[in-house]
Amino acid sequence: MLIIQQIHHGTAEYEETVALRNDVLRRPLGLAFTPEMLASEVDEFHIACYRNNELVGCLLLVPRNGGELKMRQVAVAESAQRSGIGKAMVDFSEHFAREHGFSEITMHARETAVPFYLNLGYEIIGDRFEEVSIPHFKMRKEIGG
Ligand SMILES: CC(C)(COP(=O)(O)OP(=O)(O)OC[C@H]1O[C@@H](n2cnc3c(N)ncnc32)[C@H](O)[C@@H]1OP(=O)(O)O)[C@@H](O)C(=O)NCCC(=O)NCCS
């Protein structure tokens with residue numbers, strides 16, 4: 001059974017998501033989080049997904065101006081990928097965004113993840129660009145109503 005819930009910055013649950021993000025998103029690029037980067041996440045929403053009590057996915061939601069909520073750091077544990085966890089976390093985030101009065105979700109999607117977001121109704125805006133040394137596209141979806 002999947003449980004998706006908001007967790008809080010600075011807790012043991014948060015530290016566990018940082019370790020997962022390191023494994024899935026940072027270490028493969030030879031990068032690491034600095035204490036300053038993690039401290040700056042205090043005002044963001046942290047979402048975690050558990051399967052049989054084990055952390056299998058997480059993401060962050062950052063409030064922006066004009067009803068925009070930016071999704072970032074979407075990570076599913078390698079052994080749990082392609083089993084519906086990413087989709088379930090994005091669905092949860094859209095519901096969460098509506099409940100909190102946001103009208104649009106945006107993200108900087110890695111090129112390799114673009115088909116995943118297209119499949120969930122997100123559209124590409126603008127040209128390909130580089131971030132953390134790999135190609136990305138900005139994507140968005142209106143979630144109002
Ligand atoms: C990209 C990622 C978040 C997707 O999560 P996931 O749990 O593996 O994906 P899901 O199982 O929920 O997939 C949902 C649908 O998208 C498809 N999909 C998932 N990843 C895909 C990919 N990389 N390319 C094409 N299709 C993909 C699945 O086949 C599935 O399609 P279906 O509904 O027709 O069966 C996850 O694989 C991941 O963490 N990857 C590594 C880190 C990363 O790239 N993060 C995103 C940064 S922007």
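Predicted model: local features only at pLDDT ≥ 70, side-chain atom pairs only at ≥ 80, totals over all residues.

How many residues surround it? There are 19. The closest are Val 76, Gln 81, Gly 86, Lys 87 and Pro 115. By class, that shell holds 10 nonpolar, 6 polar and 3 charged residues. Where does the shell come from? At least two residues each are supplied by α1 (12-26), β4 (68-76), α3 (85-99), β5 (104-110) and α4 (114-119).

Two of those helices deserve a look. Take α1. It has 15 residues. From first C-alpha to last it reaches 20 Å, close to the 21 Å expected at 1.5 Å a residue. Which residues of α1 are buried? Thr 17, Leu 20 and Arg 21. Look down the axis of α1: the buried residues fall within an arc of 105 degrees, so they line one face of the helix. They pack against β1 (2-7), β2 (45-51), β3 (54-63) and β4. Now turn to the face away from that buried side. There α1 carries the exposed residues Ala 12, Glu 15 and Ala 19.

Next, α3. This helix also has a count of 15 residues. Its reach is 21 Å from first C-alpha to last, close to the 21 Å expected at 1.5 Å a residue. Buried here are Gly 86, Met 89, Val 90, Ser 93 and Ala 97. They cover an arc of only 100 degrees around the axis, which puts them on the same side of α3. Their cover includes β1, β2, β3, β4, β5 and α4. On the face turned away from the buried side, α3 carries the exposed residues His 95 and Glu 99. Note Gly 86 again: it is buried in α3, and it is among the closest residues to the ligand. After α3 comes Gly 101, with a positive phi near 85 degrees.

On to the core. In soluble globular proteins, nonpolar side chains tend to be buried together. Here the largest nonpolar core has 26 residues. Which members touch the most others? Ile 47, Cys 58, Leu 59, Met 71 and Met 89. At least two residues each come from β2, β3, β4, α3, β5 and β7 (134-142). β4 gives the most, with 5 residues.

Zoom in on Ile 47. Leaving out residues up to four places away in sequence, Ile 47 touches Ile 4, Gln 6, Cys 58, Leu 59, Leu 61, Met 89, Phe 92 and Ser 93.

Last stop, strand β7. Is Ile 134 buried or exposed? With 11 C-beta neighbours inside 10 Å, Ile 134 counts as exposed. Beyond four places in sequence, Ile 134 is in contact with Leu 29 and Arg 110. Ile 134 and Leu 29 sit 105 residues apart in sequence, but 8.8 Å apart in space, C-alpha to C-alpha.

Arg 140 has 16 other C-beta atoms within 10 Å, so it is partly exposed. Again beyond four places in sequence, Arg 140 touches Glu 104, Ile 105, Thr 106, Tyr 122, Glu 123 and Ile 125. Glu 104 is 36 residues from Arg 140 in sequence and 6.9 Å from it in space, C-alpha to C-alpha.

That's the tour.

Terms used
Residues numbered from 1 in each chain as written. Near = placed C-beta within 6 Å. Helix = DSSP H or I, 4+ residues; strand = E, 2+ residues; numbered from the N terminus. Nonpolar A, V, L, I, M, F, W, Y, C, P; charged D, E, K, R; others polar. Expected span 1.5 Å × (residues − 1). Buried ≥ 20, exposed ≤ 12 C-beta atoms within 10 Å, placed from the backbone. Arc of directions from axis to C-beta. Contact = placed C-beta atoms within 7 Å. Core = buried A, V, L, I, M, F, W, Y, C linked by C-beta atoms within 7 Å.
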